[in-house]
Amino acid sequence: MSDSNITKRALATALKQLMSEEPFSKISVGEICERCQLNRKSFYYHFQDKYDLVNWIFDTEFITVASQREYQHIWEIFRDLCNYFYHNRDFYRKALQIKGQNSFSDHFRELMFPFLSEILKPLISVHASDDDPGLLEFQVHFCSDALIATLERWLLDREPAPPELFLRRLKSCLLMISGSVSDGLFTEDV
């Protein structure tokens with residue numbers, strides 16, 4: 001492992017330890033550096049701020065690992081994501097509550113949109129027409145926002161359901177919605 005990665009991992013470990021002890025808003029870059037015996041210059045060489053460090057943790061612990069796997073079905077990566085969050089829920093409960101510029105919540109939404117688009121497009125019944133060329137994009141955004149909000153609510157729950165149960169419930173909701181659309185339940189003009 002390169003010196004750069006050793007430094008980044010030390011900073012990440014220090015932040016995780018500190019987040020288990022106090023709210024993120026109370027943690028300073030100085031405290032993170034002190035915890036792992038590095039100087040602030042080392043921190044800022046690798047990260048813009050502590051928010052960037054939180055995002056890096058997710059990117060390296062989940063995104064990098066998941067991108068190296070060969071998934072047969074798109075739901076497999078979602079299962080791995082739910083398992084990862086569930087097993088790291090103490091950290092991510094706090095990370096998801098961080099708001100503001102460069103927050104994990106915003107970073108997560110940005111990363112999830114293309115992935116969720118792939119899951120949702122086959123389920124969304126689109127009646128493309130020349131008078132509404134943005135309909136598909138609107139539907140994908142609507143459903144993506146709903147899925148991300150549901151995922152966050154699940155993770156922030158005091159006692160979240162096990163990932164397998166959560167995914168079963170999520171799939172049943174998506175199938176119900178796609179079935180309702182195909183059955184004509186939502187066909188009345190607005």
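A nonpolar core is a set of buried Ala, Val, Leu, Ile, Met, Phe, Trp, Tyr and Cys residues joined through side-chain atoms within 4.5 Å. With that in hand, here are the close-ups, all drawn from a predicted model.

**View 1. The largest nonpolar core and the residues that touch the most other members.** This core holds 48 residues, and L53, F78, F85 and Y92 are the ones that touch the most other members. Eight helices each supply at least two residues of the core: α1 (3-21), α2 (29-35), α4 (50-67), α5 (74-87), α6 (89-96), α7 (104-120), α8 (135-156) and α9 (163-182).

**View 2. The surroundings of Y92.** Let us zoom in on one of those core residues. Leaving aside residues up to four places away in sequence, Y92 touches I57, F58, E61, Y84, F85, F104 and L155. F85, in this list of contacts, is another of the residues that touch the most other core members.

**View 3. The packing of α5 against α8.** Two packed helices are described by the angle between their axes and the distance between the axes. For α5 and α8 the angle is about 30°, and the axes lie 10 Å apart. Angles under 35 degrees count as roughly parallel, so α5 and α8 are roughly parallel to each other. The crossing in which α5 passes α8 is right-handed. On the α5 side, L81, C82, F85 and Y86 make the contact, meeting L151, W154 and L155 of α8.

**View 4. The packing of α4 against α6.** Here the angle is about 135°, with 11 Å between the axes of α4 and α6. That value makes α4 oblique to α6. In this pair, α4 passes α6 in a left-handed crossing. V54, I57, F58 and E61 come from α4, while F91, Y92 and A95 come from α6 to complete the contact.

View 5. Searching the whole structure for disulfides gives zero. C82, which belongs to the α5 side of the contact with α8, is buried, with a relative accessible area of 0%. C173, by comparison, is partly exposed, at a relative accessible area of 39%.

**View 6. The backbone at Q37.** Which residue has a positive phi although it is not a glycine? Q37 does, with a phi of about 60°. Q37 is placed in the loop between α2 and α3 (40-46). Exposed means over 50% relative accessible area, and Q37 is exposed because its relative accessible area is 75%.

Notes:
Residues numbered from 1 in each chain as written. Predicted model: local features only at pLDDT ≥ 70, side-chain atom pairs only at ≥ 80, totals over all residues. Heavy atoms only, no water. Disulfide = S-S within 2.5 Å. Buried < 20%, exposed > 50% of the residue type's maximum accessible area, 1.4 Å probe, protein only. Helix = DSSP H or I, 4+ residues; strand = E, 2+ residues; numbered from the N terminus. Contact = heavy atoms within 4.5 Å. Axes fitted to C-alpha atoms, helices over the stretch in contact; angles between N-to-C directions. Parallel < 35°, antiparallel > 145°, perpendicular 65-115°, else oblique. Left-handed = near helix turned anticlockwise from the far one by under 90°.
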